[in-house]
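Hi,

Here is the model I promised to pass on.

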Amino acid sequence: MMELPQPQARPFSGIMNDIEKGQIRIPQFQRDFVWNMKKSAHLMDSILKGYPIGTLIFWRTKERLRTVKSIGNISVPDPDDGDALDFVLDGQQRLTSIFASLKGLKIKRENGKEEDFSKIYVDLNAGEDDQLVITDISKKDENSIIKLTDLLYGGIPLLASYPSEYLNKLDEFKKRIESYNYSIIQIKDAPIDIATEIFTRINVGGKPLTLFEIMVAKTYDPIKEFDLAEKFNNLIEDLKPLNYETISDATVLQTVSLIIEKECQRKVILKLDKQDFIKNWENAVDAIERTVEYFIGTYRIPVSNLLPYSALIAPFAYFFYHHPDKPSGNKQRYLEDLFWRCALSARYSSSVESKLAQDVKRIDQILNNKQPKYDWSIDTSPEFIEENGWFNAGRSYIKSILCVYAYNQPKSFNDGAIVNIGNYFLKQANSKNYHHFFPKAYLKKRGEDDFYINHILNITIVDDFLNKRKIKAKPPSKYMKEFLNQIPQGLNDNEKPIDKLQEWMKTHLINDLDEFGIWDDQYDTFFQKRARLVSEELQKRIIEQEIDKTGQVSLEDDFEETEIE
């Protein structure tokens with residue numbers, strides 16, 4: 001149990017010594033030192049006048065956190081194993097300002113510029129109501145100012161060289177700094193989740209720590225050379241060539257937690273044993289990579305931004321952790337059923353952690369070659385697609401149908417080349433890869449309703465060049481005829497340009513161009529025909545259960561929940 005906070009007072013010498021020997025450290029989750037010299041001088045002015053400067057809050061612990069920083073980034077010795085350290089939870093800016101000012105440090109900023117804190121001075125002519133500590137000495141007599149560092153460490157000869165009327169002030173100011181007692185609250189024996197919660201509550205105006213930042217600090221192990229931040233970055237770098245680099249750190253934490261505990265709520269992740277986490281990391285990464293390869297190879301989902309939910313990585317990685325080989329037979333079919341039931345039902349749009357825990361139990365059944373039962377229904381009918389197909393690239397339901405489109409490896413309308421689908425083009429609804437087959441401007445002129453204009457059934461995946469430069473706002477009958485005329489006659493007399501174009505359009509789930517009403521610009525016909533084809537593709541991916549015949553499906557707010565509860 002955590003001890004009650006202990007108020008303390010530490011003198012100047014104690015604070016400075018503890019900083020220099022590395023007893024007081026900055027935890028990794030603290031922001032960088034940002035106070036400038038002028039603000040630091042104002043703080044030193046308060047100390048010189050004996051004003052309170054607020055309480056410093058330290059967390060005393062024997063835990064070793066990831067790459068902690070020393071005050072002012074000075075070089076300090078490493079602590080002995082088992083020694084407790086004081087990590088600054090509140091007061092880092094003040095403490096660093098004091099140390100930098102009184103030691104005359106040179107602080108390098110992110111922009112590459114350097115500030116020399118030795119150029120902070122005491123104005124010996126200033127009254128008690130004036131600013132005693134200053135940085136601008138342009139209009140000051142050099143005999144009436146003294147550097148803070150010289151005041152403390154210059155020695156008797158230097159101080160004695162000042163005019164006699166200042167000697168008493170010099171002595172008084174030096175004593176004030178050296179005798180100033182710093183108010184400290186020390187928190188002992190608190191676990192890291194409590195310490196970081198205290199930090200977050202203190203810094204209410206700042207950005208709360210993420211679970212990943214807490215776990216980076218908690219799992220750091222210098223002996224085993226384990227740094228979660230570096231390990232995660234390495235994983236993302238490995239996934240970049242596969243176009244799956246957008247997988248979130250939350251998904252990775254969920255995966256590791258499911259493997260170890262079969263639960264992944266925030267409180268469970270925070271209580272994961274550090275050594276268990278480290279021991280399971282490499283196998284968890286291997287399972288994630290196998291999952292990605294499976295999604296690409298089996299489901300033909302070429303990029304991570306097309307995944308209906310990033311969270312789908314977690315239960316599948318759990319499967320591959322326990323079953324490294326590619327599934328076949330019933331296991332393969334049951335996994336596919338689970339994937340599409342989650343994708344088409346807004347499954348992970350809320351309470352994702354509890355639902356992942358439920359679905360891991362279903363994965364256990366699949367591992368035992370048993371078909372899971374589901375307590376939510378799926379509707380793959382054309383009518384449901386028509387009613388719920390409002391196009392928004394962030395909706396899981398829309399992403400699911402885009403995955404079906406991508407599965408067919410869509411080809412370019414003008415040359416039959418496979419469309420290059422990119423992660424960073426797919427983030428937005430106005431992506432260069434998304435093309436309204438019946439252009440929006442054209443349909444608006446015809447008076448079509450916006451809902452049916454901007455509908456997934458009107459979306460095809462094409463290249464940027466084709467979408468923006470060739471098609472523009474032309475009706476399909478016109479731009480498709482232009483593409484048809486550009487296709488060269490095959491060497492075989494039986495291979496006609498229309499056959500080639502027809503073959504390419506089938507990869508977009510647009511079959512016979514006459515039946516789909518393309519040449520007559522019949523949008524209603526096109527819409528209904530494509531709805532039926534998409535419906536058939538979805539039905540292939542689901543094993544129908546009784547609940548699908550009787551249940552109701554709601555897709556309200558089918559966006560991914562990204563934060564761990």
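One aromatic cluster takes in W390, F413, F437, F438, F451, Y452, Y479, F483, F516, Y523, F526 and F527. By pairing I mean rings of Phe, Tyr and Trp (its six-membered ring) with centres within 6.5 Å; planes under 30 degrees apart are stacked, over 60 edge-to-face, and the rest tilted. The structure has 35 aromatic pairs. In one of them, the ring centres of F437 and Y479 are 5.8 Å apart and the planes meet at 75 degrees, so this pair is edge-to-face. F437 sits in the loop between β12 (434-436) and α18 (440-445), while Y479 belongs to helix α21 (residues 476-486), so the contact ties together parts 42 residues apart in sequence. Helices here are DSSP runs (H or I, at least four residues), strands likewise (E, at least two), numbered from the N terminus. Both F437 and Y479 are buried (under 20% relative accessible area; exposed is over 50%, partly exposed in between, with a 1.4 Å probe and protein chains only).

Y452 and F527 are another pair: centres 5.5 Å apart and planes at 80 degrees, so edge-to-face. This pair links distant parts of the chain, with Y452 in helix α19 (residues 450-453) and F527 in helix α23 (residues 523-541), 75 residues apart. Y452 is partly exposed, at 36% relative accessibility, whereas F527 is buried at 6%.

Before you go further, two housekeeping notes. This is a predicted model, so local features need pLDDT of at least 70 and side-chain atom pairs count only at pLDDT 80 or more, whereas totals for chains, interfaces and linings use all residues. Residues are numbered from 1 along each chain as its sequence is written, and side-chain values use heavy atoms, with hydrogens and water left out.

What about disulfides? There are zero in the structure, a disulfide being a pair of cysteine sulfur atoms within 2.5 Å. The sulfur of C342 is 13 Å from the closest cysteine sulfur, in C264, which is too far for a bond. C403 is in no disulfide either, and the nearest cysteine sulfur, that of C342, is 13 Å away. C342 is buried, at 0% relative accessible area, and C403 is buried as well, at 1%.

On to the helices. Helix α10 (residues 249-261) packs on helix α12 (residues 274-297) at about 115 degrees, with the axes 9 Å apart. Axes are lines fitted to C-alpha atoms, for helices over the stretch in contact, and angles run from 0 to 180 degrees between N-to-C directions. Helix α8 (residues 211-219) is mostly covered, with eight of its nine residues buried; among them are L211, F212 and K218.

Most residues other than glycine have a negative phi. D189, in the loop between β11 (181-188) and α7 (192-202), has a positive phi of about 55 degrees although it is not a glycine. N243, in the loop between α9 (228-239) and α10, has a positive phi near 65 degrees, and N243 is partly exposed at 31% relative accessibility.

Cheers
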